[in-house]
Amino acid sequence: METKRRKGLIASYYLSKYDKEALVELNYNSYKAAFRDIGAKLNIPANTIKNRRDDYDSINENHRRGWHQRELSKSILEIAEQFEKFSKEALTEIVKDILSNSNESATLINLLESEKKNNSTYNNRGVTGKQAEKIFIQYFENGFFEEYLGDLIDTREEGCGYDFKLSGESEIVFEVKGLSPANGGITFTDKEWSVAKKLKNKYILIIISEVFLNPKIRVVVNPYEKVKPSKTFSKVITVNWSFQSNQVE
């Protein structure tokens, strides 16, 4: 992806995610001023910055609906996935570095390019995954999975190798995967795959494609026996805050 375009997407994502707080942090008194100034600094049309901000509005929680009626591009989802877990403070400093064209911003862009090249199976797990999980919960509550008896229990924060399980003694569990297009790569963590191997028919894979447009659901019982995945390795960019020990009195 072209460097200036990637920088523009990062700035647009920040404007969408933090909305009016972003304007304050960047010292803009209006969205129009932000679009104009950011566009000028990055040599990108102001309206492009606005449109990309609107794209991100469809996945961020703010008062605008954004471009909810069209599929988000791969490059837009990549930026959302890479930065969704960054703190507001970290992302603010990153955007300020980008707009000042600092050495730190160049280093970040190089790291992002390296991450993309080294992880060919990258599939926007965070953004599409969250949307898919939301859709799955809605469908379950509306009786779409009526053959599975029991209440749905959320286990996403427990690190147990699946997203949900059923109450009672059935031991049925669900792992939900989301895709923005109709088809694409599905990635399991090592823990998820190990649990799928152990639970066999009690492990239900839910694949929800076109999550931002017209969701379609596929149910795969015992995915461990149904597919033959390939093993890959990946690395994740994180933010660390450093200082010299002699700064502390």
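In strand β5, Val219 is the bridge partner of Ile206. The model is predicted, so local features need pLDDT of at least 70 and side-chain atom pairs count only at pLDDT 80 or more, while totals for chains, interfaces and linings use all residues. Residues are numbered from 1 along each chain as its sequence is written, and side-chain values use heavy atoms, with hydrogens and water left out. The secondary structure of the chain comes to nine helices and five strands; helices (H or I, at least four residues) and strands (E, at least two) are DSSP runs, numbered from the N terminus.

**Overall organisation**

- From the N terminus on, the order of elements is α-α-α-α-α-α-α-β-β-β-α-β-β-α.
- Of the 249 residues of the chain, 44% count as buried; buried means under 20% relative accessible area, exposed over 50%, and partly exposed in between (1.4 Å probe, protein chains only).
- Among contacts in the chain with a separation of 6 or more, 62% come from residues 24 or more positions apart, where contact means heavy atoms within 4.5 Å.
- The chain exposes about 14,400 Å², of which carbon and sulfur atoms supply 48%; accessible areas come from the Shrake-Rupley method with a 1.4 Å probe, and for residues only the protein chains shown count as cover.

**The β4–β5 hairpin**

- Strand β4 (residues 203–209) pairs with strand β5 (residues 216–221) in the antiparallel sense over six bridges; two strands pair if DSSP finds at least two bridges between them.
- Six residues lie between the strands of this hairpin, in which Glu210 takes a positive phi near 50°.

**Helix α5**

- The 12 residues of α5 should span 16 Å at 1.5 Å a residue, and the end C-alpha atoms of α5 are 16 Å apart, which agrees; the expected span is 1.5 Å times one less than the number of residues in the helix.
- Buried residues of α5 include Ala90, Leu91, Thr92, Ile94, Val95, Ile98 and Leu99.

**Salt bridges**

- The structure holds 14 salt bridges, each defined as a side-chain nitrogen of Lys or Arg within 4 Å of a carboxyl oxygen of Asp or Glu.
- Side chains of opposite charge can pair when their charged atoms come close.
- Glu25 and Lys88 meet through their side chains in a salt bridge (3.6 Å, N to O). This pair links distant parts of the chain, with Glu25 in helix α1 (residues 3–25) and Lys88 in helix α5 (residues 88–99), 63 residues apart. Glu25 is partly exposed, at a relative accessible area of 29%.
- A salt bridge also joins the side chains of Glu192 and Lys177 (2.9 Å, N to O). Here too the pair links distant parts of the chain: Glu192 belongs to helix α8 (residues 190–199) and Lys177 to strand β3 (residues 173–178), 15 residues apart. Glu192 counts as buried at 12% relative accessibility, as does Lys177 at 11%.
- Within helix α3 (residues 46–57), Arg53 and Asp57 are separated by about one helical turn because they are four residues apart. The side chains of Arg53 and Asp57 meet in a salt bridge (3.6 Å, N to O). Arg53 counts as buried at 5% relative accessibility, and Asp57 counts as buried at 2%.
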